[in-house]
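Biologist: I would like to learn how to read side-chain features in a model, taking one kind of feature at a time. Could we go through them together?

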Amino acid sequence: MKYLIKNNNLRIIYYHMISGSTPEYYPQNGSINKDTFQWQLKFLKKRFNIISIDEAVYKINNNIKFNKNLIITFDDGFSSIYKNAMPILDDYKIPSCIYLISDCVLKNKMMWRNILFFIQNNFKNSLINNICSQISDEFKINQKIQDKNLLSWSMSEWPMNKRDVLVKIFLDELSINIDQYMNDNQPYMQRKELLEILSSGHTLGTHSTSHPNFSKLNYFECEKEILESKQGLESHLECKINHFSYPFGVRMDKSLEEKFILNHSNSIKSMAGIKFKFKESKDTYQLERDKMEVNKLQSMLRLFALPYFRRYIGR
């Protein structure tokens with residue numbers, strides 16, 4: 001175990017939802033419960049020095065070596081983080097960073113991916129496939145393979161600039177009143193909850209405006225997604241938003257990312273993906289994270305074995 005925890009490696013883990021039951025707008029078996037989350041925190045606290053994202057950025061920028069350091073992060077801004085994760089983190093005095101989708105927390109809009117999960121979990125495949133066929137014919141995109149889920153199909157085939165139009169077709173065809181559902185269920189954190197999280201010493205970052213696939217965007221679309229989210233959140237919460245994590249962990253084209261960093265390094269201090277490979281962290285814009293919303297055994301494999309596999313097998 002000591003060999004696997006390299007002193008000079010910064011480890012970053014991420015979660016989306018901490019909940020005893022998976023809501024219908026989320027992938028089945030995609031969340032973990034409070035007991036598993038607490039077990040993971042106890043395990044990690046014994047073996048790592050858990051720090052904030054701001055401290056990590058300071059260490060990198062000042063060439064200070066890491067000492068078995070780890071950062072805990074959350075994506076999207078689901079209310080279950082406030083209800084179930086924050087009390088445990090605060091009890092252990094552990095800092096975290098929550099990356100927010102600004103359309104979700106500022107405009108009470110359900111993220112398009114979660115709408116697709118809601119549809120996948122509530123409607124028959126035959127009905128879904130019929131709508132997919134209509135969309136493919138009308139918009140000249142490849143047909144959905146029968147055993148492929150909606151998210152996978154949308155990620156591989158949908159043009160991002162048509163995403164909202166395509167989602168609306170599903171909502172209209174299936175007579176789903178998503179605005180009413182949002183008002184009734186409030187899946188994302190509200191301003192009061194976010195301010196309380198800030199006052200407890202946690203950090204808020206941006207996870208973009210609308211959670212697109214950045215590899216399908218041009219430079220100006222990437223820039224708009226990050227900066228409009230940052231500015232909206234700063235105005236709403238009266239705090240600085242300095243950190244960004246990529247939706248789906250998918251980075252923009254390398255040349256576009258270099259241009260963005262050159263233009264906006266004064267306002268965005270770090271950028272994170274999701275493919276850590278056990279190498280020393282020397283660039284705040286090339287941070288990588290590992291998913292931990294899995295069971296106890298899987299979380300250990302992801303934490304210690306998967307990064308070696310990625311590094312030496314090439315994934």
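Biologist: Are Asp76 and Arg113 buried or exposed?

Modeller: Before the answer, a word on the source: this is a predicted model, in which local features need pLDDT of at least 70 and side-chain atom pairs count only at pLDDT 80 or more, while totals for chains, interfaces and linings use all residues. Residues are numbered from 1 along each chain as its sequence is written, and side-chain values use heavy atoms, with hydrogens and water left out. Both Asp76 and Arg113 are buried, where buried means under 20% relative accessible area, exposed over 50% and partly exposed in between, with a 1.4 Å probe and protein chains only.

Biologist: What joins the side chains of Asp76 and Arg113?

Modeller: Side chains of opposite charge can pair when their charged atoms come close. Asp76 and Arg113 meet in a salt bridge at 3.4 Å, N to O, the term being used for a side-chain nitrogen of Lys or Arg within 4 Å of a carboxyl oxygen of Asp or Glu. Asp76 lies in strand E3 and Arg113 in helix H5 (residues 112-122), so the pair ties together parts that are 37 residues apart in sequence; helices (H or I, at least four residues) and strands (E, at least two) are DSSP runs, numbered from the N terminus.

Biologist: How many salt bridges are there by this rule?

Modeller: The count comes to 11. One of them joins Asp290 and Arg11, at 2.7 Å from N to O, and because Asp290 belongs to strand E9 (residues 290-291) and Arg11 to strand E1, this pair ties together parts that are 279 residues apart in sequence. Asp290 and Arg11 are both buried. Glu234 forms a salt bridge with Lys230, with the closest N and O atoms 2.7 Å apart, and these two residues, 4 apart in helix H11, are separated by about one helical turn.

Biologist: How should I read the pair formed by Tyr26 and Phe78?

Modeller: A pair of aromatic rings is described by the distance of the centres and the angle of the planes. Rings of Phe, Tyr and Trp (its six-membered ring) pair if their centres lie within 6.5 Å, and planes under 30 degrees apart count as stacked, over 60 as edge-to-face and the rest as tilted. The structure holds 17 aromatic pairs. Tyr26 and Phe78 make an edge-to-face pair, 5.8 Å centre to centre with 85° between the planes. Tyr26 sits in the loop between strand E1 (11-15) and helix H1 (34-47) and Phe78 in the loop between strand E3 (69-76) and helix H3 (79-92), so the pair ties together parts that are 52 residues apart in sequence.

Biologist: Which ring is stacked with Phe78?

Modeller: Phe78 is stacked with Tyr188, at 5.2 Å centre to centre and 15° between the planes, and both residues are buried. Tyr25, Tyr26, Phe78, Phe118, Tyr181 and Tyr188 form one aromatic cluster.

Biologist: Which residues of H10 are buried?

Modeller: An α-helix has 3.6 residues a turn, so residues three or four places apart point the same way. In H10 the buried residues are Glu193, Leu194 and Ile197. Seen down the axis of H10, these fall within an arc of 100°, so they line one face of the helix, the arc being that of the directions from the helix axis to the C-beta atoms. On the other side of H10, Lys192 and Ser199 are exposed.
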